[in-house]
Amino acid sequence: MRNPQLNAHGELNHLLSIDGLPRDVITHILDTASSFLEVSDRDVKKVPLLRGKSVFNVFFENSTRTRTTFEIAAKRLSADVINLDVARSSTAKGETLLDTVDNLVAMHADMFVVRHAASGAPYLIAEHLHRTGRDDVHVVNAGDGRHAHPTQGLLDMYTIRHYKQDFANLTVAIVGDILHSRVARSDIHALTTLGAAEVRAVGPQTLLPTDVERMGVRVCHDLREGVRDCDVIIMLRLQNERMNGALLPSAREYFNCYGLTPEVLALARPDAIVMHPGPMNRGVEIDSDVADGPQAVILSQVSFGIAVRMAVMSILAGN
Amino acid sequence: MRNPQLNAHGELNHLLSIDGLPRDVITHILDTASSFLEVSDRDVKKVPLLRGKSVFNVFFENSTRTRTTFEIAAKRLSADVINLDVARSSTAKGETLLDTVDNLVAMHADMFVVRHAASGAPYLIAEHLHRTGRDDVHVVNAGDGRHAHPTQGLLDMYTIRHYKQDFANLTVAIVGDILHSRVARSDIHALTTLGAAEVRAVGPQTLLPTDVERMGVRVCHDLREGVRDCDVIIMLRLQNERMNGALLPSAREYFNCYGLTPEVLALARPDAIVMHPGPMNRGVEIDSDVADGPQAVILSQVSFGIAVRMAVMSILAGN
Amino acid sequence: MRNPQLNAHGELNHLLSIDGLPRDVITHILDTASSFLEVSDRDVKKVPLLRGKSVFNVFFENSTRTRTTFEIAAKRLSADVINLDVARSSTAKGETLLDTVDNLVAMHADMFVVRHAASGAPYLIAEHLHRTGRDDVHVVNAGDGRHAHPTQGLLDMYTIRHYKQDFANLTVAIVGDILHSRVARSDIHALTTLGAAEVRAVGPQTLLPTDVERMGVRVCHDLREGVRDCDVIIMLRLQNERMNGALLPSAREYFNCYGLTPEVLALARPDAIVMHPGPMNRGVEIDSDVADGPQAVILSQVSFGIAVRMAVMSILAGN
């Protein structure tokens with residue numbers, strides 16, 4: 001079966017999910033990101049790689065943060081960026097997703113950055129482009145439903161590699177609402193592909209997918225057990241809508257059981273790093289002393305995220 | 001009486017409506033668009049014609065699709081584009097339309113792309129600019145009420161000329177909700193000016209303007225009669241709000257009477273082209289087999305639309 | 001105590017408020033603005049001073065007008081501008097203001113243009129940047145609560161200096177809702193610093209701050225007395241929400257007492273100028289004959305405003 005993300009030469013043609021990306025493709029993205037990290041530190045933070053290219057941020061679901069990171073990355077590559085707030089647009093007028101895509105392709109789009117509440121929407125678009133002979137237009141998944149958020153997964157890998165160099169001997173704990181998190185799925189796939197020694201899924205039964213063990217992770221319902229001797233702790237955001245209701249008794253109770261405090265962090269390796277995809281709920285999933293402490297690398301993740309997105313876009317545009 | 005769209009040398013100074021545009025001005029726009037078509041196919045899709053110019057998309061009515069086409073066109077001409085979502089802005093604070101315009105002119109605007117629910121709003125702005133001695137600031141009508149949508153009309157003419165070369169012997173059917181369509185009015189004016197042999201207005205009595213025959217068109221209430229031996233069929237979008245209520249029994253009934261199916265299309269010339277301004281309601285005004293079939297040129301319209309808008313903007317800025 | 005707006009060399013590092021700005025810093029901004037005024041008249045309205053810099057318009061409160069003026073100014077300086085409609089974003093998801101700021105700094109922001117409903121929010125951000133060692137990132141206050149709107153104050157000073165050259169012998173009346181106006185506070189500080197002979201606060205008791213006399217102004221409750229022999233009259237916008245309710249009987253009554261009509265204006269110096277920060281409520285605080293009359297310099301304020309914002313941004317980026 002054709003890998004929908006790669007072209008005939010095995011090069012990246014779309015970034016849809018880390019699931020299915022060969023290890024060398026991931027490594028190539030991370031290596032390319034290294035070279036872009038320096039661009040954002042320049043006085044003139046711009047390279048002309050995507051000059052005259054039209055990048056469309058097609059957001060069927062509002063996410064200012066994610067849209068901003070892609071907009072900055074594209075502008076630093078000198079692309080023309082057009083933001084489409086599709087929630088308020090033609091789809092509301094009854095147009096199908098693929099008609100919207102065809103229209104933008106007819107406007108000579110070079111790249112779509114797609115955010116959609118439905119899992120698989122970016123795949124559908126990539127498949128449609130292939131079927132209509134437009135493999136020269138590229139799709140980047142900026143988050144689809146509960147399924148994937150591959151640039152977040154890649155920047156997490158970049159961060160881990162930056163601080164830990166090698167994945168081979170690492171123990172990584174992913175803590176929190178894994179069930180609803182596209183970040184967790186992307187991270188698990190990436191860590192497995194890159195050969196992390198052990199990945200732990202830590203959270204209450206109600207917030208873990210039933211099949212999570214099949215993804216090759218060790219399940220821990222106890223936070224202390226989950227972070228013990230870890231090299232990397234990835235805290236997940238607890239969505240507000242989960243905090244009170246069927247899945248959880250309350251935010252306070254959650255913090256007592258699964259909030260990362262300095263005391264709990266002390267159980268991990270002394271040089272363990274703490275990551276979070278943001279935005280943080282201080283006092284819910286993470287204590288402020290940890291978030292602002294020396295082991296947190298949360299803001300480095302954000303910086304690396306721009307470089308990773310520049311890398312993905314420039315690789316897609318170059319292939 | 002002064003033609004508000006032309007300057008003292010008879011050149012285009014504003015694009016407000018196709019009604020009143022001399023044939024040679026229309027032809028000049030279409031010829032200029034030809035030269036821009038190639039820009040969107042380049043590796044670097046940019047020309048420096050509007051570099052350092054400030055183009056304001058002033059949308060008093062939300063239309064992401066139309067705004068996007070003008071934004072792309074302006075960016076490919078290297079203009080600085082500022083999007084004003086005026087619906088959420090100062091007019092809401094009680095400022096008059098002309099005070100808003102005066103303010104933007106004081107910010108050294110070069111061009112306004114205006115969308116307004118009120119027919120005539122772009123005229124009002126152009127008149128005001130003339131009265132205040134600012135004929136160097138240009139207005140492009142991006143759709144005003146039921147009145148006009150001249151760039152859509154021009155791109156439709158570009159499309160017809162592209163596929164049929166000459167207008168002289170053409171029979172063109174415009175099908176659907178002509179009463180509420182600014183596109184239909186613009187198309188009828190353009191086709192009449194360019195000398196199409198016959199223009200037919202096809203639709204139920206309730207969706208045709210009472211004075212439509214005075215515009216020089218032949219009225220047909222029967223779709224089969226309307227498309228018979230046509231060279232060009234322009235399908236109009238049926239607004240959702242018309243579908244059930246006073247004007248029409250239902251969307252399904254409408255499709256049965258006025259939806260373009262392969263069977264009906266077979267009554268037109270074998271080389272007839274099918275056009276639609278988008279977004280389409282598949283299964284309401286047009287069957288998917290037609291929309292995706294070999295005679296549909298709907299996506300070409302979109303591509304030509306960018307070139308036509310680049311042509312209009314560059315002509316205005318050059319005069 | 002450290003002046004949070006100045007760096008160790010006494011140069012402008014943030015623009016937070018005119019209160020606390022030394023006279024020579026204000027004069028330097030106005031002089032720099034003079035040199036930018038000509039840029040907006042050029043055929044190519046662009047200078048490369050901020051090329052490759054990332055300017056974030058961070059608007060926690062919607063204000064299309066103000067956002068637009070900063071966006072134009074930044075684009076004419078060749079910056080990359082990213083608009084963040086934070087009201088709809090992560091803060092809504094429970095993220096703290098300073099976490100949002102830290103994230104944007106991690107994306108290598110160079111400048112924040114901040115609008116916030118809370119007085120002091122831009123100070124809080126500037127302090128945080130200082131505390132975290134990021135004095136290289138600059139903050140421009142684009143309006144915080146009732147507190148300050150320094151670029152409006154500066155453009156008002158630019159306008160007065162343009163028409164009156166010297167502040168030493170000027171009598172300036174500020175008329176209207178001084179209590180709720182950040183513009184009035186900024187203007188009073190600037191006029192005092194620049195040495196205006198007399199500043200009058202004119203309005204009903206209910207719309208004047210209780211401590212306004214401590215700011216060095218003369219209070220007048222009578223409009224005729226307030227504008228008599230003035231050189232400059234600054235009319236303030238009456239917010240719609242004040243017009244009926246506890247503070248004022250009605251808009252009509254307000255106009256009768258405090259609306260600037262030609263008759264009242266005749267009491268000022270014959271060469272007096274009339275200013276307004278916009279958007280105007282014609283027939284509420286100002287009569288149309290005055291707004292459109294020869295003494296109004298309201299649109300010049302808008303033009304000067306772009307030059308002043310370009311000056312502020314280029315000074316901050318240069319220091």
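This is a predicted model: local features need pLDDT of at least 70, side-chain atom pairs count only at pLDDT 80 or more; totals for chains, interfaces and linings use all residues.

Leaving aside its neighbours within four places in sequence, with which residues is Ile174(A) in contact?

Guide: Beyond four places in sequence, Ile174(A) is in contact with Ala184(A), Asp187(A) and Ile188(A), with Val199(A), Arg200(A), Ala201(A) and Val202(A), and with Ile234(A) and Leu236(A). Ile174(A) also belongs to the largest nonpolar core, a set of 316 residues. Within that core, the residues with the most contacts are Ile174 and Ile233 of chain A, together with Ile174(B), Ile233(B), Ile174(C) and Ile233(C).

Chain A is superposed on chain B by a rotation of 120 degrees with 0.1 Å of shift along its axis, at an RMSD of 0.1 Å. That is why the two stand in the relation of a three-fold axis. For chain C on chain B, the rotation is 120 degrees with 0.0 Å of shift along its axis, and the RMSD is 0.1 Å.

The chains also touch one another. In the contact between chains C and B, chain C supplies 24 residues and chain B 20 residues. Here helix H2 (64-76) and helix H12 (298-318) of chain C each provide at least two residues of the side that touches chain B. H2(C) gives the most, with seven residues. This side of chain C divides into seven nonpolar, nine polar and eight charged residues.

Strand S2 of chain A is also part of an open sheet. Four strands with parallel pairing take the order S2-S1-S3-S4 in chain A. S2 and strand S4 (138-144) of chain A each have a single partner strand, so one side of each is left without a neighbour in the sheet. From one strand to the next, the twist averages 15 degrees. Strand S1 (residues 54-59) of chain A runs parallel to S2(A) and is joined to S2(A) by six bridges; Val55(A) stands opposite Val81(A) in S2(A). Helix H2 (residues 64-76) of chain B packs on this sheet, touching S1 and S2 of chain A, and its direction makes about 175 degrees with that of S2(A).

Chain C holds an open sheet of four strands in parallel pairing, with the order S2-S1-S3-S4. Asn57(C) stands opposite Asn83(C) in S2(C). Across S1 and S2 of chain C lies helix H2 (residues 64-76) of chain A, running at about 175 degrees to S2(C).

Among the buried residues are Asp99(C), Asp102(C), Asn103(C) and Leu104(C). Their cover includes helix H12 (298-318) of chain A, as well as S1 and helix H4 (121-131) of chain C. Just after H3(C), His108(C) takes a positive phi of about 70 degrees.

Notes: Residues are numbered from 1 along each chain as its sequence is written. Chains are lettered from A and ligands numbered from 1 in the order in which they are written. Two residues are in contact if their C-beta atoms, placed from the backbone, lie within 7 Å. Ala, Val, Leu, Ile, Met, Phe, Trp, Tyr, Cys and Pro count as nonpolar, Asp, Glu, Lys and Arg as charged, and the others, Gly among them, as polar. Copies are superposed by least squares on the C-alpha atoms of residues with pLDDT of at least 70 in both. A nonpolar core is a set of buried Ala, Val, Leu, Ile, Met, Phe, Trp, Tyr and Cys residues joined through C-beta atoms within 7 Å. A residue is buried if 20 or more other C-beta atoms lie within 10 Å of its own, exposed if 12 or fewer, and partly exposed in between; C-beta atoms are placed from the backbone. Two strands pair if DSSP finds at least two bridges between them. Axes are lines fitted to C-alpha atoms, for helices over the stretch in contact, and angles run from 0 to 180 degrees between N-to-C directions.
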